[in-house]
Amino acid sequence: MDEISDTRGAWAWAKAQPVEKRSYVGARAALRAFPAIFLCREAAYKDDPDAFNMRSVIALPTLFGLALSSAAAARDTRDAVKEGRELDIVWAALEHWSAEAAGGFDPATADGDRAAERAMTATLDALSGVLESFRRASGTAISDSARAISKAVSVLAERAGCTSDEIDARAEAAAAVAYAAATRDANDPEQDWPPLWSPDLAAPPELLDLWEVGRAHFGKDPETWGFWVDWYEGLLNGRQPSWPVTLRIATGIESGEWEPVGGAALAARRIARITG
């Protein structure tokens with residue numbers, strides 16, 4: 001039985017696996033870490049309240065990247081994306097917007113502290129790690145996902161007034177369950193996309209709280225974000241999407257869809273044409 005319990009173990013495991021297996025495990029790990037991006041505050045910069053919404057800016061390329069990496073790891077569509085233009089497009093967008101996101105944090109505010117920034121950045125690093133896994137043996141997606149989840153739990157525990165010992169214990173438990181979930185995926189011969197978490201490997205409650213923050217944010221504009229809420233919650237609960245449709249959405253990126261203002265709405269209109 002393969003076992004992954006830390007960063008070194010994630011890399012050692014990945015080096016011995018074919019691309020199909022490491023991309024499946026990595027994609028699911030990155031999906032688990034996704035809610036950590038909602039640690040960031042909504043405004044882009046504290047002195048510019050009318051600026052673009054940072055949560056939307058981060059969420060859009062992250063969701064496209066999750067869709068692409070998941071479709072590339074799924075049995076129905078894995079042969080359609082191995083390398084090339086599609087990966088390069090998403091990778092470039094992630095690099096650009098992760099830099100924008102880092103600039104949007106204000107360390108002086110509770111919602112923009114450095115710990116939150118590190119957790120969110122680790123989530124984006126995990127997704128880049130999935131894309132990297134198609135090119136070389138890499139355990140980055142697994143280890144960075146565990147790091148993102150652990151740091152997110154730590155941030156919320158600190159904000160809740162927990163003691164240092166309680167914060168450390170919660171963060172350590174969160175990392176352990178993230179690695180345990182990756183281990184379960186690594187030993188799944190069917191690769192049939194069961195729920196991301198399970199009763200015996202439950203998501204840290206703080207991570208689920210962050211997803212509720214994200215869902216509430218998306219709920220303010222369901223026409224723009226409704227597809228993505230359904231898509232993510234489906235995978236969270238073990239309902240596979242149509243992988244060919246997911247791949248079409250993730251690879252048909254049009255000019256302007258990465259723009260902070262209007263990009264998400266433009267993408268939503270294209271998604272409606274594809275799914276309608």
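In this predicted model, ring pairs join Phe34, Phe38, Trp211, Phe218, Trp225 and Tyr232 into a cluster. Across the model, the number of aromatic pairs comes to 13. Among them is the pair of phenylalanine 38 and tryptophan 211, whose ring centres lie 6.4 Å apart and whose planes stand at 55° to each other, a tilted arrangement. Phenylalanine 38 belongs to the loop between H2 and strand E1 (43-45), whereas tryptophan 211 sits in helix H8 (residues 205-219), so the pair ties together parts that are 173 residues apart in sequence. Both phenylalanine 38 and tryptophan 211 are buried.

Two packed helices are described by the angle between their axes and the distance between the axes. For helix H2 (residues 19-33) and helix H6 (residues 140-159), the axes come within 8 Å and cross at roughly 15°. Because angles under 35 degrees count as roughly parallel, H2 is roughly parallel to H6. The crossing of these two helices, H2 and H6, is left-handed.

On the H2 side, the contact is made by Val25, Gly26, Ala29, Ala30, Arg32 and Ala33, which meet Ala141, Ile142, Ser145, Ala148 and Ile149 of H6.

Methods: Residues numbered from 1 in each chain as written. Predicted model: local features only at pLDDT ≥ 70, side-chain atom pairs only at ≥ 80, totals over all residues. Heavy atoms only, no water. Axes fitted to C-alpha atoms, helices over the stretch in contact; angles between N-to-C directions. Helix = DSSP H or I, 4+ residues; strand = E, 2+ residues; numbered from the N terminus. Parallel < 35°, antiparallel > 145°, perpendicular 65-115°, else oblique. Left-handed = near helix turned anticlockwise from the far one by under 90°. Contact = heavy atoms within 4.5 Å. Phe/Tyr/Trp six-rings, centres within 6.5 Å; stacked < 30°, edge-to-face > 60°. Buried < 20%, exposed > 50% of the residue type's maximum accessible area, 1.4 Å probe, protein only.
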